[in-house]
Amino acid sequence: MSMREYKPKDNVQARAYYTDRFYVAPQLSKLSPNSDEIYNLDVIKLKENFEILDAYIQKDELVIYINSFDNLKILKFLRDDLTYGFLMEMSAVDFLAKRDGFEIFYEMLSQVKRKRIRVKTFLKKGLTIETVENLFRSANFAEREMFDMFGIQVNNHSFLKRIMMPDDWHGNPLLKTYPLQGDESAQWYEVDKIFGKDAREIIGPEIRDSARVDRYDTERFSRLGHEVSKGTDIYKSEPSNTAVQFQEKGGVFLIKNLNKPQKILTEKERRDR
Amino acid sequence: MAQHQVKFGNGLPVALTTVDKIVNWGRSNSLWALTYGLACCGIEMMASGASRYDFDRFGTIFRASPRQAEVMVIAGTLTKKHAEFIRRLYDQMAEPKWVISMGSCANTGGMFNTYSIVQGADRVIPVDLYLPGCAPRPETLQYAVMMLQKKIRREPANRNRNIPQKRFI
């Protein structure tokens, strides 16, 4: 392992946290499935019955690519014949921009073999996938989440309904095209729903800068230096600075105000700190 | 509270006060809070109510019903899905009612600068007290309740939110 590349840290706070937004992480090396005895047998059995598009071992875990219409049959085969009886996780990955579709993955665990298999399939945009809810009960919620977050329709699902976002939500938040701070309907969601669209003007847009201080807003911000009572209107007549008072000045016995002159640092001194 | 104490002969002392003061004295010392733990601040709120910090000393008893509560402590992240319900519960509380927004998430959305979080609970309900911290310790919540008591005591007893009141320090 080499050391991390050195980057100057002068304005590290000011720069955006993620500089390279389209960084593609390097892939781990892919091994052939016959490098592992158990996986090799599994792949041979799978290939006898189904069309397997690709199979490799990455980070000690078998990954197989299948056709999306085979998912139910293959997962049933994995569960009943190859002892992968545990669907740990399933969801999708957005590849709309690159390949115009989604990659759906199923993470399977065999407690007998102590092995995990990742079954992946590619689903073109607009196509639907068959539910695996009847094989694994946990797929019920996972598929609902997939529908909620990506808008992927699941066939024959018993209760395909949004699971995390509200039912009247617009858009699918885990799509890469979805803005992090929400589209227009998301930004006004609670205002529209509770008060109606007319209230938008009264309530105003969301304040996304959490460090914002409005010096004239005496309802929500107290003022340092010259305090005024809450709700005072100071737009027109802003009070001048009140002098800072120290209780030591009034004659507290033996205690004196430490009157240390403040030093203004130069640019270089500030950086060296 | 009492402005004058008069003692008649050998009888009991009589305390004279104003209606405002005695009503506010009662209100400020029996602030029943609505349990509103939404996230990790809720844990601190529970700790405040438990034996070590003991909110009962202040007359603050956590109630599970909005109809029995005077103060709503929004403790945690308010999601947009939940905003509708917090407004409904607030509307169900009987006047007079107050709101403490506890923690960064309830104040401004905090670190959740995302699509699904309400950026400050005051977009949905009026907030009386903003309590900073992530999460604020129980002492801080205690201090907030004391500040709210102070606020109640300086308000007129027949306050009505729809009529702008003159504010006093």
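Student: What is the order of the strands in the open sheet of chain B, and is the pairing parallel or antiparallel?

Tutor: Strands of a sheet pair through backbone hydrogen bonds, either parallel or antiparallel. In this predicted model, the open sheet of chain B has five strands in the order β4-β3-β5-β6-β7, with parallel pairing.

Student: Which strands of chain B stand at the edges?

Tutor: Those are β4 (62-63) and β7 (129-131) of chain B, and because each has a single partner strand, one side of each is left without a neighbour in the sheet. For β7(B), there is a parallel pairing with strand β6 (residues 98-102) of chain B over three bridges, and in this region B:S101 stands opposite B:Y130 of β7(B). Helix α2 (residues 40-49) of chain B packs on the sheet, where it touches β4, β5 (71-75) and β6 of chain B, and its direction makes about 135° with that of β5(B).

Student: How many residues does each chain bring to the contact between chain B and chain A?

Tutor: Chain B brings 21 residues and chain A brings 32 residues, and between them the two chains bury about 2,100 Å², of which 53% lies on carbon and sulfur atoms. On the side of chain B, the residues B:K80, B:Y115 and B:R123 supply 39% of the area buried against chain A, more than any other three residues.

Student: How many salt bridges are there between chain B and chain A?

Tutor: There are four salt bridges between the two chains, including one in which the side chains of B:R123 and A:E190 meet at 3.1 Å, N to O. The side of chain B that touches chain A divides into seven nonpolar, five polar and nine charged residues.

Note on methods:
Residues numbered from 1 in each chain as written. Chains lettered and ligands numbered in written order. Predicted model: local features only at pLDDT ≥ 70, side-chain atom pairs only at ≥ 80, totals over all residues. Heavy atoms only, no water. Contact = heavy atoms within 4.5 Å. Buried area = accessible area lost by both parts, 1.4 Å probe. Nonpolar A, V, L, I, M, F, W, Y, C, P; charged D, E, K, R; others polar. Pairing = 2+ DSSP bridges. Helix = DSSP H or I, 4+ residues; strand = E, 2+ residues; numbered from the N terminus. Axes fitted to C-alpha atoms, helices over the stretch in contact; angles between N-to-C directions.
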